[in-house]
Each structure stands twice: as C-alpha cells, then as structure tokens.
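Please keep the sequence and the coordinates in view while reading.

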Amino acid sequence: MQYLLNINEPKDIKNLSYNELDVLAQEIRQAILNRTSVLGGHIGPNLGMVEAIIALHYVFDSPKDKIVFDVSHQCYAHKILTGRKECFLNNELLRNISGYTNPNESEHDIFAVGHTSTSVSLACGLVKARDIQNQTHNVIAVIGDGSLSGGEALEGLDFAGELNTNLIIVVNDNERSIAENHGGLYKNLKLLRETGGTAECNIFKSFGLDYVYLENGNSIADLTDVFTKVKNCSKPTVVHIHTNKGNGYKFAQENKEKWHFNAPFDIDSGENTVDMSALNYNSLTADYLIEKVKQNKNIAIINAGTPGAVGFTPQKRDLIKDRFIDVGIAEEHAVAMSSAMAKGGCKPVYCVLSSFVQRTYDQLSQDLALNKNPVVILVAWTGLNSQDATHLGCFDIPLISNIPNLVHLAPTSKEEYFAMLDWAIMQDKYPVVIRIPSMLFNAPFAVKTDFDKLNTSVVDIKGSDVALIGVGAFYNLALKVYDMLKSKGINASVINPRFISGIDENTLNSLKTNHKLAVTMEDGILDGGFGQKIAAFYANSDMKVLNYGGKKEFTDRMPINELYQKNRLFPELIVEDILDTLK
C-alpha cells in the first residue's frame, strides 16, 4: 500500500494531491474488504462513502470539528483514517474495534451510535452546546441509507431550520435504504437528483435550510470543493451528495440489497465462505406468511426497512406484491398504521427486530394496546448475543410484557411457534406479540394450542422439589438442567410458561405442595423480566426462587460463552446453584 500505511490521523492526508487521495481511496476500499470478508459487516454503505469521508477529513479538522455519523454503519473509512487502520489490515486485530462509532475507541468518534435517524438531533445538541459556550468549531451530521424516513431525522431537520448558526448536514443519497427506499420524501430526492438540485420543490429548503447539491458524490475533488465552500457557514446547510452504494466492488454494486450487510465472503468470487443454507426462523417465517397472504386477502405484512432480516428477499416480496408493505425506517409509524389497519378489518403482521422495537414503546402502549386492536407483531433477533452495544436483543421482554392488553408469547420450538402464529392470526380479541426464539429447536413434547386460555402454562414433566421454568429459547436449557438433576437423583418438574405477559397462578400455587425451589430461565435481562414476576408471586411464601438471565447492562461484542459464563447460564452452573440452595 502506497499511502495508507503512513496515515495515522486525519492531518496526515491534508498534503496529498487529489490523485494521491484517489489512490488512498482504493487502498481504504481494500482494507474494508479485507475486514468484512473475514468478519462480515456493512459492505455497501461503507464502500459508497469512502471518498466523502476522505473529503470530510481533508477539509474539516476532527476532532475539533465534530462529525456525527447516522447509524454509523458507514464509518469504516473514518475509522481507518483516525488511527484504527490496523484493525482492518491485520487479521489478528480485526475484532478489536466495533462496526460502529465508539468514543471508547477514539476521540474522533463523538457518540456510540448504531440506530438510525439520530445524527441531525445529536448534531443540533452539539451546536447548542458550542454556541452557549461561545465556541467556533464546525458541526457536521452525516445521514443517509434510508435514515431520513425515520421520525427523529425529520424532527431534527425541523428544529435545525430554526437555527441561525453553523450546522452542516451531509445527506448521503445512494438511492437506497437496506432495500429500496420507500416514502414520498424519497420522491423529492429523486426529483432533486434529476434536476441537479434546482427543483423548486425542495424538502430541505421547506425546513428553512440552505441547500447545495453534488451529483458526483464519489469524486474527492468535487467533494472537497463543496465542503470547503460550506465550512464555517453561518446558517444550517444541507449538502446533498449522490453516491454509489457499494462503489468500487462489482458484487456490491450489482446486488445492493444483499451487500448492505453480508456474512464473511471470498473477495474474488463474492461467494459466502460460511454455510448459509441451514433452516432458520427468517426463511421459515417468510414462507409461512406468504402462504397465509395467498389464503386470506385481509392479511398484510408490514416491515420498517429491514425486509431481508426477516426472510423477505426481493424474490419473496415479489410473490405477494402490494401485500408486503415496507414503510421505510419508521417503526413508530409501522405500529400505529398496523393498529389502524386492524381496526379497519385487516390482519396486519408486523415483523421487527428486537433492538429496533425499542423505538416503538409509545405506539405499542397507546396506539395499539390501549385500543386493543388485533395486530400480530413478530419480534426477531431476540436474546442475549455477542453483538455491539446498539444491537442487543435482550431488552424486549421487560419493554413489551408489562404493557396492559398485549398478549406476549414465547414459543419454545419451531412447532409451537407456528401454532402460536396460527392462533394469533385467527383470533380477533388481542394484539399479540410473538418473541421469535434465538435458537431453532424441534418440539420435544406435543404442542398444546389452547392459547385462548390466557396465561396458562404447560407442565411437560411432573416432578417434585424443583420446578424448572424455561422461557422461549431457554426452555431447552431447562431440559438440560432437568437431565443433570435427574442423574443426581432429583426428579424436577419442567414447565413451559408460553405467556410472558402474565403468570399462571393456579400452576404456581399447585407447585407449593411438593416443591421447595422454582428456577426461571429466560433469554433476556432479568430486571423487569418474566423471572421477577415469578419471584414476586412467591415472595410471601416458603418457596425459594432462582432467576437466570442477563444482567441489566450494555455488553459490547462479548463472546457468547463469556456472556453465559458471567451470568451462570450453563446447565452445570445452574445445577450447582440448585444443589447449594437445596442444602
């Protein structure tokens, strides 16, 4: 590498010529491909932003000037230029950094960000803090990849329009979200592209913002020219740049949706180097819902900008046409609209990821549960995991299960999951949330489908002394604990609670007659979770309770075995605790 090896901080690029910067861009691209080919990651967004990030650091003076990345899954080139290049070049160091901005890694990363539509709001806060303290640095918000459709982005733009001070908003327009863009806002971006930014209808100007358009958003020379002109501006200014998602890598350019985020791959062939053929809930769910849509004209599938994450590839979306409704990155709108669709006589099924459902609390509570409209919500990518701190799947149980009127189900197996889905779609009394398990298991016992009897659990194994209550994916953990206890002469009961929005008081009371200890296991945080409901129920009795799950904390890329060890989630550790408690 001709230039990258000598780049340790942003100032090191400021004396390079445009030709040299173009070579540097190709070297950065190679570094990005090296890291993502081994670990997987966000390939397309990062390849498309290489030139823009070089130009930002060439013109502005980070960290004095503050660059705030939206979602931040397009920050790899930024990380490479700010002292972390070895974590892209040296395969032994690849895991030393996050895939998102992280202030613990560098002073050039202003916020830990992994969720969408936040950069303009965050930048507005930095602007206010700067002006109150009579400081003079630039504040730059970088937003794109569909993030403009999120409500917070529009709230931020609306507020920015009232400012009369320096704020630069770089809109990375690559014509894509994860999949195609959805929403009228993107029609305006298309119009602005087609008119070279001269269209009279301009959403940014309507907010009171100054506006500059750049057609070639992958030209370092053009980018640096534009950024130089808006540097130290005295009024909030949008720089709308048209970029090519996946720029410089053939496969990412040809299949932009697949390469938004991809598993490890071979750089030369573009083929995945890990087996992607195993059955999983994503593909099974998509296939199931497609058949349901074909059978019932009132069923519609709702998604908020993450179709592939729940198994709906472009080919599968095409099978049900307009009955697959992608609202863009707008989870709050998705919940409220789903509630109204159910009120209007349809049966909407909203598919959302655990870490993204967090944005919808008010809509779940007020627009949906208070009105008791029979929407079905499938929460995917749940459970304790080794993701970065912004993509954990362990907070959804306390968030959802404590909202009145919502029926929250935790299937323990593939068969029970689809039985619950059948019931949820057929019934018309309740909004139903199904927590898709983090692991796929086949049912070890016959599945009971009497879900109309709310908050009734199933005692699959009747024993004594110890009651093992396994929630969802951790039911299998309860069975492993049962086997280990049995080998030690303890014949425990094993219970599938099925419902996590309530408890089965009759079953819990019956356990008091011949059980001394109840042990709960759930694939989420304990605080506010299901286990605490059981502990509270038994608080004034002689029954002892042990709760197993995760601590209330933000973990960051913690290996799953380490996470389980820390929380004593291995069966032998649970058995050890049970035996100590019985003593």
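Leaving aside its neighbours within four places in sequence, with which residues is Asn442 in contact? Asn442 is in contact with Ser413, Lys414 and Glu415, where contact means heavy atoms within 4.5 Å. The model is predicted: local features need pLDDT of at least 70 and side-chain atom pairs count only at pLDDT 80 or more, whereas totals for chains, interfaces and linings use all residues. Residues are numbered from 1 along each chain as its sequence is written, and side-chain values use heavy atoms, with hydrogens and water left out.

**Asn442**

- Asn442 lies in the loop between strand 11 (432-435) and strand 12 (458-461); helices (H or I, at least four residues) and strands (E, at least two) are DSSP runs numbered from the N terminus.
- Asn442 counts as exposed because its relative accessibility is 51%; buried means under 20% relative accessible area, exposed over 50%, and partly exposed in between (1.4 Å probe, protein chains only).
- From Asn442 to Leu163 the C-alpha to C-alpha separation is 57 Å in space, and the two are 279 residues apart in sequence.

**Cavities and pocket**

- On a 1 Å grid over the protein atoms alone, a cavity is a set of points where a 1.4 Å probe fits but cannot get out, and a pocket is an open set with protein on both sides within 12 Å along at least five of seven lines; lining residues have an atom within 4 Å of a point.
- There are 7 cavities of 30 Å³ or more, a volume being the space filled by probe spheres set on the points, which are joined across faces, edges and corners.
- The largest cavity has a volume of about 110 Å³; 14 residues line it, and the closest to its centre are Glu416, Phe445, Ala446, Asp460 and Asn496.
- The lining of the largest cavity comprises 7 nonpolar, 3 polar and 4 charged residues, with Ala, Val, Leu, Ile, Met, Phe, Trp, Tyr, Cys and Pro counted as nonpolar, Asp, Glu, Lys and Arg as charged, and the others, Gly among them, as polar.
- The second largest cavity holds about 90 Å³; of the 13 residues that line it, Ser457, Pro497, Asp504, Leu508 and Phe530 are the closest to its centre.
- Helix 20 (505-511) and helix 21 (530-537) each supply at least two residues of the lining of the second largest cavity.
- The second largest pocket has a volume of about 300 Å³, and the closest of its 14 lining residues to the centre are His115, Gln358, Ala389, Thr390 and Phe554.

**Strand 5**

- Strand 5 (residues 237-242) is largely enclosed by the rest of the structure, because 6 of its 6 residues are buried.
- Thr237, Val239 and Ile241 are buried on one side of strand 5, and Val238, His240 and His242 on the other.
- Strand 3 (residues 168-173) runs parallel to strand 5 and is joined to it by 6 bridges, pairing requiring at least two DSSP bridges; Val171 stands opposite His240.
- Strand 4 (residues 210-214) pairs with strand 5 in the parallel sense over 5 bridges, and Leu214 stands opposite Ile241.
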